[in-house]
Amino acid sequence: MDRPYIICHMVMSLDGKVTGDFLGKSEYGKFIEDYYRIHREYGADGFLCGRVTMEGSFPQPPVSPHKYDGPPIAREDYIAHKAAFYAVAVDPKGKLWWNGRAISDPDEGYDGAHIIEVLTESVPDAFLAHLRDKGVSYIFGGKTELELALVLKKLKNLFSIEKLLLEGGGNVNGSFLQEELIDEISLVVIPAAECSENAIPLFKTGKYGAKTASAKSFHLKEAKRLNDDGLWLIYSKN
Ligand SMILES: NC(=O)c1ccc[n+]([C@@H]2O[C@H](COP(=O)([O-])OP(=O)(O)OC[C@H]3O[C@@H](n4cnc5c(N)ncnc54)[C@H](OP(=O)(O)O)[C@@H]3O)[C@@H](O)[C@H]2O)c1
């Protein structure tokens, strides 16, 4: 395979939502712990999230507007560091002004992951100069739009990523599903259902989600009961 094996690992409600008040309820905290434990046990080479999820999960200190007076920076992939574990951020317009080259998080499954930004060539030079200054790696996935298959090929060839956890949100998951780039789905199901107008589903359609809503099929590999009322479901493509 010319790309990493992709496991979409998510925690969701009974009705397939990945956002909502239920996620913050203390009675369901044990399922979130299960989600983190399974993330660690997968032993992947990294995880990938969309820009919105990265912003919410790993907030950065505000940055003042950046000026760049140096020579033009070529749109070439930049490997700042080779690591055992990577945090891959899908950030086509260059909005994540990271403060350092690695994720800082209380959970050991995320802490220390070396950041790779996935960009389009439309990002400003000031942003590239900032990433270089902070020691953040970056790759280009297209001129103005991302070609996900190319992005995955580069992650394998440049960083030796063989197994990658796709961890949301619904938009980035939707775009991977549509392009048939998901090999396995790992779901921690919380025993709660919540009505909502705006909650995000596991796989979303839209500008950055799937463009069509054609169903993709998976096979049940395993179903395990979690803490009495929850489930861990594993589905695979083949
Ligand atoms: N329950 C769970 O397991 C779980 C896991 C992860 C996240 N979440 C939740 O999900 C929510 C965020 O989900 P979301 O769907 O709104 O956002 P998201 O998928 O995290 O990020 C969407 C953004 O990422 C960029 N992007 C994603 N896919 C792209 C593609 N194929 N091509 C180009 N750009 C792409 C775009 O950034 P630009 O707008 O900058 O162009 C897009 O707006 C958060 O509330 C988070 O807490 C839940």
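Predicted model: local features only at pLDDT ≥ 70, side-chain atom pairs only at ≥ 80, totals over all residues.
Figure 1. Strand 1 (5-12), helix 2 (51-57) and helix 5 are the elements that give two or more residues to the shell around the ligand. Helix 5 supplies the largest share of this shell, namely four residues. By residue class, the shell divides into ten nonpolar, eight polar and four charged residues.

**Figure 2. Polar contacts between side chains and the ligand.** Of the 22 residues around the ligand, those that come nearest are V11, R51, T53, K93 and N171. For two of these residues, R51 and T53, the polar distances are as follows. An N or O atom in the side chain of R51 is 2.8 Å from an oxygen atom of the ligand. In the case of T53, a polar side-chain atom lies 2.6 Å from a ligand oxygen atom. A ligand nitrogen atom, in turn, is 3.1 Å from an N or O atom in the side chain of S175. On its own the ligand has 940 Å² of accessible area, of which the protein covers 84%.

**Figure 3. S175 in helix 5.** S175 belongs to helix 5, which spans residues 170-178. Is S175 buried or exposed? Its relative accessibility is 10%, and S175 therefore counts as buried, the cut-off for this class being under 20%. Within the protein, the side chain of S175 reaches the backbone oxygen of V172 at 2.8 Å. Towards the ligand, the side chain of S175 has an N or O atom 3.1 Å from a nitrogen atom. Along the chain, S175 and D15 are 160 residues apart, and their C-alpha atoms are separated by 20 Å.

Figure 4. H9 is placed in strand 1, one of the elements that give two or more residues to the shell around the ligand. H9 counts as buried because its relative accessibility is 0%. The side chain of H9 is joined to that of S186 by a polar contact of 2.8 Å.

Figure 5. Most residues other than glycine have a negative phi, and most peptide bonds are trans. Which peptide bond is cis, with omega near -5 degrees? The bond in question runs from G168 to G169. G169 is found in the loop between strand 6 (163-166) and helix 5.

Figure 6. Although N227 is not a glycine, its phi is positive, at about 50 degrees. D228, also not a glycine, has a positive phi of about 70 degrees. How do N227 and D228 stand in terms of accessibility, and which class does each fall into? With a relative accessibility of 35%, N227 counts as partly exposed. D228 has a relative accessibility of 59% and so counts as exposed, the cut-off for that class being over 50%.

Methods. Residues numbered from 1 in each chain as written. Heavy atoms only, no water. Buried < 20%, exposed > 50% of the residue type's maximum accessible area, 1.4 Å probe, protein only. Polar contact = N/O pair within 3.5 Å; in protein donor to acceptor, adjacent residues only side chain to side chain. Near = heavy atom within 4 Å. Areas by Shrake-Rupley, 256 points an atom, 1.4 Å probe, with all protein chains shown as cover. Nonpolar A, V, L, I, M, F, W, Y, C, P; charged D, E, K, R; others polar.
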